Structure formats: structure tokens, C-alpha cells
Amino acid sequence: MNPAVINAVIRANIKRRPLWKVKTIEDFFDLPRARVMAKIESGEFPWAFNIGQGKHTKEPRILAYSVLEAQIGPFEGIGATKNLQLPELINLILPARDVRSTELGRLFSCGHDQIRKLTPNFIITKKPAAQDGPLSFTVFSRASVAKFLAQRRML
């Protein structure tokens with residue numbers, strides 16, 4: 001397979017799902033959970049966030065760019081992820097507008113139940129137009145989602 005094609009596929013998918021679950025990294029790189037968590041704690045994966053509810057529930061999400069960078073080197077145009085500032089990082093994760101709840105689930109690699117639990121952390125800019133179906137999404141302020149990520153960074 002052509003490396004340029006593989007790179008294009010990775011770049012397209014990394015924009016759709018910029019934050020990965022620990023399980024994704026375990027499976028993709030054949031690493032045990034303890035090793036992935038150690039990489040977060042050591043700073044090898046410098047951008048990880050706990051999207052879990054409460055102090056005792058951890059649901060880490062790791063910036064996919066930093067995971068892939070550890071394997072293939074820095075991405076052109078981004079550089080080393082450890083050198084990114086928070087605003088640059090937020091621009092890699094979130095669109096440049098308010099975020100739909102369905103979209104946020106994809107960006108955070110989680111289901112709608114988790115987004116529903118996280119809703120009190122965000123400012124709602126538009127309530128759902130329907131109870132269910134294609135218009136049943138909530139729109140959250142981009143700034144409130146960015147603030148949530150900043151507060152939930154795992155160091």
C-alpha cells in the first residue's frame with residue numbers, strides 16, 4: 001500500500017476523531033492499559049483529558065496526534081505536540097464554531113449517554129428542535145467545551 005495513501009487516511013480520520021480512548025491505543029499498538037496510563041503520566045502522551053464524571057471515575061482521552069507522533073514522528077504543519085499551546089490544541093480538537101452534541105460524542109470518542117452526563121459542564125447555545133430523530137441534538141458553546149478540556153487535562 002502506498003505510504004501517501006495511508007498518511008491521507010490517517011490525517012482524515014484523526015480530524016474526525018482527535019481524541020482516542022485508552023482501549024483504542026491498547027488495541028492499535030498492542031500495549032497493556034498500564035503502559036498507556038504510564039505514557040500519560042510520564043508526559044510521553046502530553047495531551048490527555050479525563051472526560052469521566054466525578055473525581056473517582058477516569059475516562060482518559062488522548063490526543064491522537066501525540067499517539068501517532070510517538071510512532072511516526074511529528075506531523076508537518078503541527079510539529080511536536082508537546083510544544084503546542086492550549087489554544088492551538090483546542091483548534092486541533094474542536095471546530096471553529098459551536099459544537100453539536102452528536103459531534104462532540106465523536107470528537108470525544110464517547111456515546112450520547114456520556115455527553116448527556118457532561119452537559120452540565122457546557123453552556124447550551126441551542127436546545128434540541130425535536131425529542132428524537134435528526135433534529136434532537138443540543139448545541140454547546142465552543143468556549144465552554146474548550147474550558148472543560150482545559151480543566152480536565154491530565155498531567
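**Reading loops and a helix**

Author: Begin with Thr-81, which lies in the loop between helix H4 (64–72) and helix H5 (86–93). Helices (H or I, at least four residues) and strands (E, at least two) are DSSP runs, numbered from the N terminus. This is a predicted model, in which local features need pLDDT of at least 70 and side-chain atom pairs count only at pLDDT 80 or more, while totals for chains, interfaces and linings use all residues. Residues are numbered from 1 along each chain as its sequence is written, and side-chain values use heavy atoms, with hydrogens and water left out.

Reader: Is Thr-81 buried or exposed?

Author: Buried means under 20% relative accessible area, exposed over 50%, and partly exposed in between (1.4 Å probe, protein chains only). Thr-81 has a relative accessible area of 2%, so it is buried.

Reader: Which residues does Thr-81 touch?

Author: Contact means heavy atoms within 4.5 Å. Not counting residues up to four places away in sequence, Thr-81 touches Pro-46, Trp-47, Leu-63, Tyr-65, Ser-66 and Glu-69.

Reader: What should I look for in phi?

Author: Just after H2, Asp-30 takes a positive phi of about 55°. Asp-30 sits in the loop between helix H2 (22–29) and helix H3 (33–42). Ser-109 also has a positive phi, near 55°, and belongs to the loop between helix H6 (101–107) and helix H7 (112–118).

Reader: Why does Asp-30 count as exposed, and why does Ser-109 count as buried?

Author: Asp-30 counts as exposed because its relative accessibility is 70%. Ser-109 counts as buried because its relative accessible area is 8%.

Reader: Which residues of H2 are buried?

Author: They are Val-22, Ile-25, Glu-26 and Phe-29. Seen down the axis of H2, these buried residues fall within an arc of 105°, so they line one face of the helix. The arc is that of the directions from the helix axis to the C-beta atoms.

Reader: What do the buried residues of H2 pack against, and which exposed residues does the face turned away carry?

Author: The buried residues pack against strand E1 (19–21), H3, strand E3 (60–63) and H4. The face of H2 turned away from the buried side carries the exposed residues Asp-27 and Phe-28.
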